[in-house]
Amino acid sequence: MQDIVIENLSKAYDGRPVLQALSLTFPAGQTTAVMAPSGWGKTTLLRILMGLEAPDSGTVRGLAGLRISAVFQEDRLCLQLDAADNVRLVTPGLTRAQAQQALDAVGLQSCAGQPVRELSGGQRRRTAIARALLARWDVLFLDEPFRGLDADTRRLVLDDTRRRCVGRTVILVTHDETEAAAMAACSVLRLGTGVDTQNH
């Protein structure tokens with residue numbers, strides 16, 4: 001697998017620049033954290049990398065043919081299905097027992113058969129994370145995935161997520177330095193007037 005490289009990437013909305021001549025490299029097989037204040041283009045960058053939006057200019061290399069999975073800021077679950085079936089939805093052949101194991105790992109032992117519309121916000125968030133992790137992916141995009149979880153639950157979910165991501169390519173958007181550290185990010189890329197890269 002090769003690195004993901006973006007060069008001179010720019011994007012504006014209604015004439016307002018969000019990303020300007022941005023060049024970054026995301027190393028293959030490692031977790032990279034992207035940090036910046038709200039409104040500085042973190043989610044836009046992920047959407048461009050996932051092919052959900054086109055840049056105004058610039059290039060993206062290293063993603064062709066790769067399978068991607070994602071946790072968005074919105075949970076994007078099927079409310080009429082239960083938690084286990086939401087996890088199974090993106091992974092053909094996954095059994096309910098395997099889905100139950102994934103839900104157990106994020107503290108949802110009693111929620112597998114519960115309709116998602118009945119779950120709390122934090123429970124839905126964990127279901128979305130379990131689903132993304134179990135999908136067949138080469139690159140995982142995480143857009144503030146742990147937001148809204150209490151401290152103990154966050155620690156549990158972070159540990160499970162990090163364990164499942166060892167040696168794989170992950171791009172994590174977060175406001176929280178401790179999340180980047182807990183995910184063993186190899187580097188932190190800071191969007192702004194320039195890009196400050198900290199290697200760990």
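The tour goes from a sheet to a helix, then to the cores and the salt bridges.

This is a predicted model, in which local features need pLDDT of at least 70 and side-chain atom pairs count only at pLDDT 80 or more, while totals for chains, interfaces and linings use all residues. Residues are numbered from 1 along each chain as its sequence is written, and side-chain values use heavy atoms, with hydrogens and water left out.

**Stop 1: the sheet**

Select β1, residues 4-13. Helices (H or I, at least four residues) and strands (E, at least two) are DSSP runs numbered from the N terminus. Two strands pair if DSSP finds at least two bridges between them. The open sheet has three strands in the order β2-β1-β4, with antiparallel pairing. From one strand to the next, the twist averages 20°; axes are lines fitted to C-alpha atoms, for helices over the stretch in contact, and angles run from 0 to 180 degrees between N-to-C directions. Between β1 and β2 there are seven bridges. To find a bridge pair, select K11 and its partner L19 in β2.

**Stop 2: helix α1**

Next select residues 42-49, which form α1. Is this helix largely enclosed or open? Six of its eight residues are buried, so the rest of the structure largely encloses α1. Buried means under 20% relative accessible area, exposed over 50%, and partly exposed in between (1.4 Å probe, protein chains only). The buried residues are K42, T44, L45, L46, I48 and L49. They pack against several strands, including β3 (31-35), β6 (139-143) and β7 (169-173). After the helix comes G51, with a positive phi near 80°.

Within α1, pick T44. This residue counts as buried, at 10% relative accessibility. Its side chain makes a polar contact of 3.5 Å with that of Y13. A polar contact is a pair of N or O atoms within 3.5 Å; within protein, one must be able to donate a hydrogen and the other to accept it, and residues adjacent in sequence count only if both atoms are side-chain atoms. Beyond its neighbours within four places in sequence, T44 is in contact (heavy atoms within 4.5 Å) with K11, Y13, V18 and L19.

**Stop 3: the cores**

Select L103, L140, F146 and M183, which have the most contacts inside the largest nonpolar core, a set of 33 residues. A nonpolar core is a set of buried Ala, Val, Leu, Ile, Met, Phe, Trp, Tyr and Cys residues joined through side-chain atoms within 4.5 Å. With six residues, α4 gives the most to this core. A second, separate core of 23 residues includes L9, L45, L49 and M50.

**Stop 4: salt bridges**

The whole structure has 18 salt bridges, each a side-chain nitrogen of Lys or Arg within 4 Å of a carboxyl oxygen of Asp or Glu. Select E7 and R61, whose closest N and O atoms are 3.3 Å apart. E7 is in β1 and R61 in β4, so the pair ties together parts 54 residues apart in sequence.

Then select D56 and K11, a salt bridge with its closest N and O atoms 4.0 Å apart. D56 sits in the loop between α1 and β4, and K11 in β1, 45 residues apart. K11 is buried, with a relative accessible area of 12%.
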